[in-house]
Amino acid sequence: MADRTAAQQERLDALLQEKRTFQPSEEFRRQANVSDPSIYDRARRDLEGFWAEEAKRLDWFEPYRRVLEWQAPWAKWFVGGKINAAYNCVDRHAASHRRNKAALIWEGEPGDSRVLTFGMLQREVNRFANVLKSLGVKKGDRVAIYMGMTPELVVAMLACAKIGAPHSIVFGGFSAEALAERINDAAAKVLVTGDGAWRRGNIVPLKKNADAALESTPSIEKVVVLERIGKAANIAMWPGRDLWWHELMDQASDHCAAEPMDSEDMLYILYTSGTTGKPKGVVHTTAGYLLGTAATHFYVFDVKEHDVYWCTADIGWVTGHSYIVYGPLANGTTSLIYEGSPDYPDRGRFWDICDKYGVNILYTAPTAIRTFMRWGTEWPAKHDLSALRVLGTVGEPINPEAWMWYHEHIGRGRCPIVDTWWQTETGMILITPLPGITATKPGSATRPFPGVEAEVLDENGRPVGPGAGGYLCLTKPWPAMFRTIYRDPDRYVRQYWSRYEGKYFTGDGAKVDEDGYFWLLGRVDDVMNVSGHRISTYEVESALVDHPAVAEAAVIGRAHDIKGQAIAAFVTLKDGTAATDALKDELKQHVARKIGALARPDDIFFTAELPKTRSAKIMRRLLRDIAERRVLGDTTTLADPMVVAKLKRQYEETGQAE
Ligand code: ATP
Ligand code: MG
């Protein structure tokens, strides 16, 4: 992105002219957890002092000797400290005024619900910790967890943390093959699963998938099965290997001492979503991770003691690890968990849940927001959302129109929106507004969190100027950073730390505007090169989504003899809109008007669905494979492989999608 003429630069500047700004209200600022912007200077002047001050949020069994040892790319935080994550998330609250406060509010998809106080959660975690011990799990042994969104999933992960056994959670939507691959990479000793989970009124066959996976997972000795569905799940239990959760729990003692863990002991392994290629086993350690998630949760979401906080992610992803479980519970926050789908029994389910429990803070993803836009405003309009105070988003760049919709129809013009940029690898939120002090601009994640230093660099490692696109890099360590790739330290160094000496390469494109605000442009792979112009797929997508007929769009650059790349857009239309050639022309015009003629799509395909990962991110690399008529790359992390197979067939038969 370095060598650009002035004219090209001018065009890039014209991309996505977003001028709207939203100031925090005086009323919000007055009560905010951060109302003084000097926090940024304080952290910049003394990074270690800043995090040492934050470290007082946690209870330590033994104090640390040094805040940070940094020899890029190897970091140690809170060196010599002894601490336990489960103790900090549960026991210390159970021993305080929070004992009878709700730790977890759970809503099952069929409408059943449960509340676990910190006191109750403590008893469950202790029992399951004893169950794991009785199955031979020792400190350092890996435990695989493949469950639906039930309180027992949280119990299982905290029980692992309590005895120092790293968990490796595999999202319940993954196939047997994907599960086996992850179990084997981590060489897990025990698998915790369920007879099934409810999703859109159907049973997700967790145990059946697990049985298939277990045919090729020699490390697994025992399987613990939670009964969620009952008879209808129709599962088989293997004698000697499979054990029922409730039978083991009945016999287990509810006392268990927390294992004192070294700050740098592994807390968990988590495999990335696989949007860009083969999943990586990201390793997070104990103290820095817990502190980073707790501090960001406190500041970014402005949580208060009596808030009900709901992060809609699945616990199988890092967002669920950091912002359903570890961050909120470390802060003693009431964390809501919903088992099922947003359109069951109808498209108002999320708003019904917000209404029912008086949700104060909601954290969800742009893909969900775009879906809600497509469903129409009548669904949220039916419910009382007046308890909402802060709205968050994560997972991909949010299109300005989706941001505005969230602001108007969910926040009712009243709630600050925090667009939080981070990754599985970063463990914690790194670029984000602080809702009491940051003026927000729709589509921008605004500024690095205090103590976080980010730069946008060109190919040669030079910072690019305001408005120019480049590679987002992080130049200082942060406590929740991953420490390595499990059993592949070379990949850790090669993939993340080799492009620019001593700097973390995020793999995302970004630009910074004159106000120092960061605009994420998607993955570096998702930046197109059309006749020498660098155009972000995200910006073309945002222009398309801005058109009233469009529900969602995925844009890719396909190889083109003359231009280098041509722009191909795969578009889903809003319910009830006819897919006509006239509309295609209109959409091309619309993009040209919004961004400039250089961004006019060469082809537009209408499709009922887009290929997505199981964390609901669009897999552009597969669309590129289709458009370039190649064999499809790795599809194991797709939510529904049929979608891409069908699209490929249509494309090959007609050169068109539906
Ligand atoms: P893989 O690394 O296996 O390809 P992944 O990158 O999709 O998978 P995650 O770690 O869950 O897995 O996602 C992190 C990525 O999500 C970021 O690198 C970025 O591309 C995108 N992202 C997350 N939050 C935001 C945000 N607020 N704005 C823009 N992009 C975001
Ligand atoms: Mg990634």
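Predicted model: local features only at pLDDT ≥ 70, side-chain atom pairs only at ≥ 80, totals over all residues.
Buried means under 20% relative accessible area, exposed means over 50%, and partly exposed lies in between, computed with a 1.4 Å probe on protein chains only.

Residues are numbered from 1 along each chain as its sequence is written, chains are lettered from A and ligands numbered from 1 in the order in which they are written, and side-chain values use heavy atoms, with hydrogens and water left out.

**Entry: salt bridges**

I took a salt bridge to be a side-chain nitrogen of Lys or Arg within 4 Å of a carboxyl oxygen of Asp or Glu, and by this rule the count comes to 49. I looked up Lys-82, which forms a salt bridge with Asp-262, the closest N and O atoms being 3.4 Å apart. Lys-82 lies in strand β3 (residues 82-83) and Asp-262 in strand β13 (residues 261-262), so the pair ties together parts that are 180 residues apart in sequence.

I then turned to Lys-162, whose salt bridge with Asp-91 has its closest N and O atoms 2.6 Å apart. Lys-162 is in helix α7 and Asp-91 in helix α5 (residues 85-94), so this pair ties together parts 71 residues apart in sequence. Here Lys-162 counts as buried at 1% relative accessibility, and Asp-91 is buried with a relative accessible area of 10%.

I also noted a network of salt bridges that links Lys-207, Asp-211, Arg-241 and Asp-242.

**Entry: a buried lysine**

Which side chain of opposite charge is nearest to Lys-588? I found that it is Asp-585, 4.7 Å away, and that Lys-588 is buried yet has no salt bridge; for charge, Lys and Arg count as positive and Asp and Glu as negative, while His and the chain ends are not counted. Lys-588 is found in helix α19 (residues 581-594), and, leaving aside residues up to four places away in sequence, Lys-588 touches Arg-600, Pro-601, Asp-602 and Ile-604, where contact means heavy atoms within 4.5 Å.

**Entry: strand β4**

Six of the six residues of strand β4 (residues 102-107) are buried, so this strand is largely enclosed by the rest of the structure. Taking two strands as paired if DSSP finds at least two bridges between them, I see β4 pair with strand β5 (residues 113-117) in the antiparallel sense over five bridges, while four bridges join β4 to strand β17 (residues 334-338) in parallel. The bridge partner of Ile-105 is Val-115 in β5 and Leu-336 in β17.

**Entry: cysteines**

With a disulfide taken as a pair of cysteine sulfur atoms within 2.5 Å, a search of the whole structure finds zero disulfides. Cys-415 is in no disulfide, and the nearest cysteine sulfur, that of Cys-354, is 10 Å away. I checked burial too: Cys-415 is buried with a relative accessible area of 3%, and Cys-473 is buried with 0%.

Technical notes
Helix = DSSP H or I, 4+ residues; strand = E, 2+ residues; numbered from the N terminus.
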